[in-house]
Every structure is written in C-alpha cells, then in structure tokens.
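This briefing is for a reader who is meeting the structure for the first time. Please look at the sequence and the model below before reading on.

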Amino acid sequence: MPLTRRELLGGAAAAALAGAGIYELVDKLSPAPSRPVAGPIPTEQHVFDLSSVQSEGVQVLVPPLHSEVVTAAIGTDDLRAAQHDLEQVLRRFDARYSPDPAGLGVTIAWGLPYFEERVPAQARTHLPLDRRAGKPVLLETRRFPSDPSDTRLERNDVAVLLRSDDLAHIDEARKAIFDELGVFRMTSIRRGFAGGGFAGKQSLPKRIAMAAGVPGADLIPDTSELFLGFTSTQKAGLGPRLIANHETLGFVDLRDGYFHGGTHMHLSHISEDLEAWYLNFDFDERVLTSFRPGLTDVKQGTQTVPQRPQDVATVEDLDAGYRKTGRFGHSSSIQPTSRLQHDFVASDGTVYPKGTAIPQRADFNTLDNPFAFSAQPELDKWSDTPTAGVHFVVFNPSGDDFERNRLAMDGVLPDGTKLDVGHRSRAQGFNSILTTSHRQNFLVPPRRHRSFPLAEL
Amino acid sequence: MRAWLIAAAVAAALALVPAASSAPAAGGCPAAWRSGWQALANRIQAPVYCPTWMPNPLDAKIGGQYIDINSIAKDRSYLVSFLEHGDAGSGDVHVNFRGYPGRSSIPTCTTVVLAGKKTLRGRTPCFADAAGVRRANGITATVYRVNQDADQWHILLAWRHRGSLYTVSEHVIRPYTYRQVVRNLDRLLSGLVLVQPER
C-alpha cells in the first residue's frame with residue numbers, strides 16, 4: 001500500500017525505515033514502470049534488457065527499481081554437488097521469471113580467490129587472456145590514483161547481482177541461493193535503487209534520501225535519476241547488448257572457448273558527499289565536471305544531457321581542454337577509452353559505429369554504509385547510519401579494459417598522456433566528492449557455466 | 001565546554017527556544033548589539049541590517065566574543081562575520097552579514113584552478129544557484145546555494161534595498177543541517193532591523 005504524502009512527511013516513513021527496512025520504501029513509493037514483454041533467455045548472464053523512454057529529448061534506458069549484490073565465500077568442499085544444486089535453483093528462476101526488470105535478473109560472478117584456490121589447474125588452462133594488455137582477463141583488484149589509501153580490496157569468492165522492479169523477487173532469490181542451498185557463507189549484502197522519476201514524479205533517490213534524512217537530500221533535484229542530479233543511463237552512453245562480451249571486440253583470447261559469452265564485472269562502493277556537490281559546485285560547474293568543460297549550452301536545471309557518439313571527446317580534446325581550463329569532465333575523460341575509436345564489425349556481423357559505448361553499467365544508488373549487512377563489520381567500517389552512495393557495477397570485456405576507463409577518470413589516458421591533476425582535486429570534479437570504500441574484480445561466465453565454473457572439469 | 005554549548009544550542013534551536021536573542025531597543029536593534037551596528041552604519045554612511053536573533057550559541061555583538069570578521073572595503077561594502085568553532089568535532093556555527101552600498105548587482109569572485117604547475121584564474125558570481133525566494137519582514141530575498149569566499153558552503157539570502165545589495169548567510173555544517181540552516185535564515189530574515197547612519 002503506497003504511503004500518503006501526509007504519512008511520508010509526518011513520520012510514517014521514519015517508522016517504516018526502522019521496521020521494515022529502508023529499501024521496502026521503494027515498493028511503497030513507486031509502482032513498477034510498464035515493461036515490454038521479454039524475449040528468450042540470453043546466453044549471457046549479464047544481458048538484462050531495459051525499456052527506453054525519452055527524457056528531455058534524449059533516449060534513456062529505464063533502470064530496475066531495485067538492485068542487490070550479495071557477496072559470499074564458498075562453504076563446501078564438494079564443488080560438483082554444489083554446482084549441480086546451484087544450477088537447479090537458478091534454472092527454477094529462469095523458468096519462473098522473465099530476464100528483465102519485470103521479472104528477475106540473476107548474474108553470478110566469480111572472484112579470483114575462487115579460481116586460484118578452488119579450481120587452480122582448470123583456471124590456468126581455461127581462463128581467457130587479454131591479448132591487447134598481455135594479461136589475464138581477471139586481474140588482481142587494485143586501487144586507483146584517486147582512491148583513498150584505505151580502500152578495501154576485497155577477496156570474495158562470488159558475487160550475485162539481483163535486479164528487479166519487485167523486491168519480493170530479489171528476496172526470494174537471495175533466500176534460495178544463500179539461505180536454503182547451504183553452499184555459501186554470505187560476506188555482505190548491498191542494496192539500492194535508481195530512477196523512478198522519468199514520468200515527472202519525484203524520483204526514488206530523492207524520496208528515499210529525504211525519508212532517511214541524509215545530509216544534502218533536500219538539494220537533490222526532484223526527478224533526478226541518481227543522487228548527483230544527472231541522468232546516467234542515456235542509451236547512447238551504455239554499451240549495446242553484446243559489446244561487453246569477452247569475444248565481441250576481438251582483443252580477448254578465449255582459448256578453448258569455455259568462457260565465450262562471458263564478461264568481466266567490477267564492483268565497488270562509493271560514498272557521495274551530496275552537500276559538497278550541491279553547495280560548492282554551481283549548476284554550470286556540475287555540468288562541466290560531470291560531462292566536459294566548454295559545455296555551455298546546457299539549460300539551467302537540465303538533468304539529461306545528450307551523450308551521442310558525435311559528442312565523444314578524444315585524447316587531444318581532453319588535453320587541450322585541460323590546458324585551457326585546468327579541468328576535465330568525468331564523461332569526457334573516460335570516452336577515449338570507453339567509446340570505440342573507429343567503426344568495428346564483430347565476428348557475428350554486428351556493426352558497431354565509431355563512438356559506440358563499450359561498458360555496460362548496472363550501478364545503483366544506496367544508503368548502505370557501506371553495506372546493508374557485513375559479516376566483518378569492523379573491517380568493512382560498517383555503520384547503521386544511512387549515507388548517500390553508489391554501488392558501482394560495470395561490465396567490460398576484460399579487467400584491463402575496466403582499468404583503462406578508471407585510470408582515464410583520474411587523468412591517466414591510454415596513449416600515455418597524463419593530465420597533471422592532483423588526486424581528488426576540484427579539477428577532477430566528480431572525484432573530489434567521491435570516496436571509494438571497497439573494490440573487487442569478478443569474472444561472469446556465460447549462463448551455461450554460471451554455477452561453479454570449471455568445477456566439472 | 002564549547003562542544004557542550006553547541007550541543008545544547010542545537011537542542012534549543014530545535015525546540016525553537018529563542019536563546020540567542022537580545023532584548024530589542026524599542027522594536028529596533030537589540031540594545032546589547034546596537035552600538036556596533038550603528039557604528040558600522042556611520043562608518044559606511046549607509047543603512048545596515050541588524051539582526052534581533054542569532055542561531056545558538058552566537059550573538060551579533062560586533063566586537064563581542066563571536067566576532068570573526070569585521071571588514072569594510074574601499075567601496076564601503078562590508079562583511080561582518082560571527083563564528084563559534086566547536087572543539088572536538090562538534091561543528092561550527094557561522095553567520096555572515098554583507099552589504100554593498102550603492103551596488104545592486106551580484107559581485108564576482110576570483111576562482112583559482114591549479115592545472116599542473118600552472119595557476120589559472122577566473123571570475124565567477126559570488127552568489128549562484130538561485131533556489132527560490134523567501135519573504136519576511138517586508139523583504140523579498142533570493143536563496144543562493146553555491147557561494148564563494150567567506151560564504152562558501154553557506155546558504156545565502158540576498159535582497160536589494162534602495163539600490164544596495166544585502167546578504168545574510170549561514171554555514172551548512174554540524175550541528176545544523178540544511179533544513180535547520182534554512183529555518184535559521186528565515187528567522188534571521190524576519191527579525192532584521194534597518195539601522196540608519198547618524199548624520
């Protein structure tokens with residue numbers, strides 16, 4: 001039953017936060033958007049088809065209302081039995097729910113500790129290699145120049161990404177995989193939300209932040225998709241369906257093809273200082289630091305800024321802009337690595353034009369601090385005080401491809417150009433108000449090998 | 001002691017206890033604060049706005065224990081700032097009053113961006129990101145959320161009176177939240193008293 005405005009403002013929201021958990025407010029506050037009928041179950045685990053709408057004249061994808069990531073360690077030595085049992089559970093969900101936000105998205109991603117400690121011999125033979133980087137596709141997790149020195153580099157065996165417009169679907173999946181199966185020991189639960197404002201209503205990030213009373217909540221624009229005030233799911237800014245697969249762009253050696261249809265996933269938690277963002281950066285500066293310096297034709301209050309292939313910045317653009325203004329924008333800094341630099345024809349015949357985005361982001365806002373649950377609260381610096389942040393989830397063809405993007409965000413460009421900007425300085429815009437608490441890399445096998453990959457060999 | 005003062009101040013402010021006001025002198029500037037504001041008006045030969053209430057624990061006595069900045073520029077514009085800096089992370093309470101006699105436009109401030117070894121200087125409006133208006137006490141003030149220099153990280157109200165620009169701002173920092181600062185500014189605005197210069 002939806003909360004009335006009076007209930008929301010008058011304290012019922014506070015009671016709901018204390019009793020049922022803050023994220024159940026999402027169900028009360030926003031009915032699920034209408035979704036198209038889903039197609040067949042894709043070969044890839046990470047493919048999750050989203051509907052699109054127009055936002056301020058720009059085509060945007062509508063993210064799932066709820067997202068959750070559960071990380072775990074393996075709690076059994078009988079991997080073959082565990083493989084069988086987990087696959088049976090996952091097939092049950094495949095049969096019951098469509099692979100879209102109206103149903104349920106389940107993506108099982110495996111960390112380096114799993115491959116190194118549980119299936120080391122098979123991993124040496126079958127894990128894909130990044131030919132371009134001359135490295136394995138799955139890399140040891142690292143810190144980046146703008147990360148604090150205490151950013152925790154995690155070593156979970158597995159992460160399960162659950163996505164749906166219906167919280168009950170996610171709850172059911174989490175219970176089945178982690179409570180009933182008995183093969184995992186949960187290390188964390190990370191919950192969040194996104195969107196809900198494209199139809200002109202107050203968005204979920206705004207409503208939930210206001211209900212929780214986090215600092216800066218009042219400053220978030222009413223219909224903003226995410227806490228920071230700008231839409232981030234422009235269709236042209238997200239990788240198309242299969243581009244993040246290991247094999248699509250041709251720089252990954254799949255060896256015997258076991259991981260064909262797989263991808264790389266990076267997971268991090270980032271705190272966002274909303275007051276610093278909205279009280280120290282005026283609208284024009286928020287635009288130039290989010291997108292690029294010189295973007296002067298954005299009307300005050302705009303939330304959805306076009307991210308078309310023809311808007312893509314080159315290394316030369318970035319360098320020249322930085323020399324002139326002393327700044328570089330978040331989006332433009334990443335584009336030399338995150339967008340195709342020339343037209344590309346994939347082995348399946350799909351043509352990807354120059355400027356096409358490669359990463360597929362699945363990030364969502366959160367009030368976790370840093371997680372909803374932690375098995376190691378002291379190590380994770382866990383607190384029950386809500387704080388604004390984002391659980392950043394992104395799929396790239398390889399770990400090195402992700403690292404290229406993330407380094408570019410710090411001014412380290414793929415051709416060796418280094419924009420001489422202080423770490424976390426205001427010139428970096430976004431970075432100065434973000435604090436990354438946790439990071440980990442994962443490999444996402446194709447659906448056919450999603451359950452304890454390589455254990456059967 | 002200061003930490004305790006601020007914690008107590010918040011409790012008082014939330015309960016809307018007028019703990020930091022001073023008795024007005026016949027509907028005017030409070031007697032304990034009047035001499036300083038009158039002296040300011042006299043020095044710049046222009047009206048100034050004296051508050052009749054301040055957020056706890058501050059008072060508005062120019063020359064008193066909370067005065068932080070008392071500055072008059074060559075163009076007669078002034079900045080009077082009151083600050084309580086809480087020890088042990090208890091937070092700050094910081095309120096600024098400005099006036100720009102004979103000037104009604106928003107002033108510009110210098111920006112400094114370090115690009116490697118180069119220092120790039122530019123100009124930006126000192127008060128930006130207008131976010132609505134507040135009306136009280138016959139004043140219609142514009143709310144600005146992004147402000148520079150001594151008003152950085154403050155919410156600021158700006159209004160014009162007879163061709164001059166005036167502002168009052170408060171820092172958004174513990175112990176006061178954004179909403180409490182807006183409420184404090186509303187209360188400050190509704191209690192402002194104009195002090196004319198003595199001829």
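A:T385 is exposed, because its count of other C-beta atoms within 10 Å is 8; a residue is called exposed at 12 or fewer such atoms, buried at 20 or more, and partly exposed in between, with C-beta atoms placed from the backbone. The structure is a predicted model, in which local features need pLDDT of at least 70, side-chain atom pairs count only at pLDDT 80 or more, and totals for chains, interfaces and linings use all residues. Residues are numbered from 1 along each chain as its sequence is written, while chains are lettered from A and ligands numbered from 1 in the order in which they are written.

- A:T385 sits in the loop that lies between β16 (373-374) and β17 of chain A; helices (H or I, at least four residues) and strands (E, at least two) are DSSP runs, numbered from the N terminus.
- From A:T385 to A:P128 the distance is 41 Å, C-alpha to C-alpha, and 257 residues separate the two in sequence.

**Confidence**

- Chain A has a mean pLDDT of 90, with 91% of its residues at 70 or more; pLDDT is the predictor's confidence in each residue, from 0 to 100.
- In residues 1-20 of chain A the pLDDT is below 50, and this stretch has 16 contacts in the model beyond near neighbours in sequence; a contact means that the C-beta atoms of two residues, placed from the backbone, lie within 7 Å.
- Where pLDDT is low, the predicted coordinates should not be read in detail.

**Chain A as a whole**

- Chain A contains 14 helices and 18 strands.
- The radius of gyration of chain A is 21 Å, which agrees with the value near 23 Å that a compact globule of 457 residues would have; the radius is taken over C-alpha atoms, and the globule rule is 2.2 Å times the number of residues to the power 0.38.
- Along the principal axes, the C-alpha atoms of chain A fill a box of roughly 60 × 55 × 45 Å.
- Buried residues make up 55% of the 457 in chain A.
- Among contacts in chain A with a separation of 6 or more, 77% are between residues 24 or more positions apart.

**Strands in chain A**

- Strand β11 (residues 263-272) of chain A is largely enclosed by the rest of the structure, because 9 of its 10 residues are buried.
- β11(A) pairs with strand β18 (residues 434-444) of chain A in the antiparallel sense, over 10 bridges; strands pair if DSSP finds at least two bridges between them.
- Within that pairing, A:H266 is opposite A:N441 of β18(A).
- β11(A) is also joined to strand β17 (residues 389-396) of chain A, antiparallel and by 8 bridges, and here A:L267 has A:V393 as its bridge partner.
- An open sheet of 3 strands has the order β6-β5-β10 (chain A), with antiparallel pairing.
- The edges of this sheet are β6 (135-136) and β10 (252-253) of chain A, each pairing on one side only.
- Strand β5 (residues 129-130) of chain A runs antiparallel to β10(A) and is joined to it by 2 bridges; A:L129 has A:D253 as its bridge partner.

**Where the chains meet**

- The contact between the chains takes 19 residues from chain A and 15 residues from chain B.
- On the chain B side, two or more residues each come from β5 (108-115), β7 (127-136), β8 (139-147) and α3 (178-190) of chain B, and β5(B) gives the most, with 3 residues.
- Helix α10 (residues 283-290) of chain A has 7 of its 8 residues buried, among them A:F283, A:R286 and A:L288.
- The cover over the buried residues of α10(A) includes α12 (330-338) and α14 (430-433) of chain A, together with β7 of chain B.
- β7(B) and β8(B) run antiparallel and are joined by 7 bridges, with B:R135 opposite B:T140.
- The hairpin of β7(B) and β8(B) has 2 residues between the strands, and B:N137 takes a positive phi near 60 degrees there.

**Nonpolar cores**

- The largest nonpolar core has 77 residues, and B:W37, B:L40, B:L157 and B:A158 have the most contacts inside it; such a core is a set of buried Ala, Val, Leu, Ile, Met, Phe, Trp, Tyr and Cys residues joined through C-beta atoms within 7 Å.
- Another core lies apart from it and has 51 residues, including A:L86, A:V158, A:F402 and A:F442.
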